[in-house]
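Q: Hi! Could you walk me through this model?

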Amino acid sequence: MSAPAVHAEPPVAALHSPALLAGIAAQLAGLAEESEQFGLVLCSDAAVAGRHLVELQQIDKLAQSLREMATVLAAPEPETAVASIRLGELRLALEETGAL
């Protein structure tokens with residue numbers, strides 16, 4: 001006769017250290033700044049801006065999203081930071097993760 005199956009508990013996810021989260025937040029904020037500057041350079045050329053308005057708006061949204069996520073990662077109260085996100089689509093996506 002075989003032994004009953006043993007069901008192991010799933011591993012508990014390790015919490016990330018505050019220093020790691022702060023480092024990731026700083027990197028995201030830096031990427032936000034770089035992408036925003038890139039978009040500004042492109043916008044300064046009227047011909048480029050005229051031909052690529054949609055793409056420039058996407059660059060701006062990317063920069064805003066990176067900045068908002070950096071803020072959440074660095075926040076002492078992530079729920080409050082998520083609730084303060086101005087980009088509705090990003091805020092809803094983070095709220096819907098069920099992790100808050």
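Predicted model: local features only at pLDDT ≥ 70, side-chain atom pairs only at ≥ 80, totals over all residues.

Q: Great. At what angle do α1 and α3 cross?
A: The axes of α1 (residues 18–43) and α3 (residues 53–74) cross at roughly 160° and come within 8 Å. Helices here are DSSP runs of H or I, at least four residues, numbered from the N terminus; axes are lines fitted to C-alpha atoms over the stretch in contact, with angles from 0 to 180 degrees between N-to-C directions. That angle makes α1 roughly antiparallel to α3 (over 145 degrees).

Q: And which residue types make up the contact of α1 with α3?
A: 19 nonpolar, two polar and three charged. Nonpolar means Ala, Val, Leu, Ile, Met, Phe, Trp, Tyr, Cys and Pro; charged means Asp, Glu, Lys and Arg; the others, Gly among them, are polar.

Q: Switching to E68: buried or exposed?
A: E68, in α3, is buried, because its relative accessibility is 9% (buried is under 20% relative accessible area, exposed over 50%, partly exposed in between, with a 1.4 Å probe and protein chains only).

Q: What does E68 touch?
A: Leaving out residues up to four places away in sequence, E68 touches I85, R86, L87 and L90 (heavy atoms within 4.5 Å). A polar atom of the E68 side chain lies 3.2 Å from the backbone nitrogen of R86.

Q: Last one: where is S17?
A: S17 sits in the segment before α1, and its side chain reaches the backbone nitrogen of L20 at 3.0 Å.

Methods:
Residues numbered from 1 in each chain as written. Heavy atoms only, no water. Helix = DSSP H or I, 4+ residues; strand = E, 2+ residues; numbered from the N terminus. Parallel < 35°, antiparallel > 145°, perpendicular 65-115°, else oblique. Polar contact = N/O pair within 3.5 Å; in protein donor to acceptor, adjacent residues only side chain to side chain.
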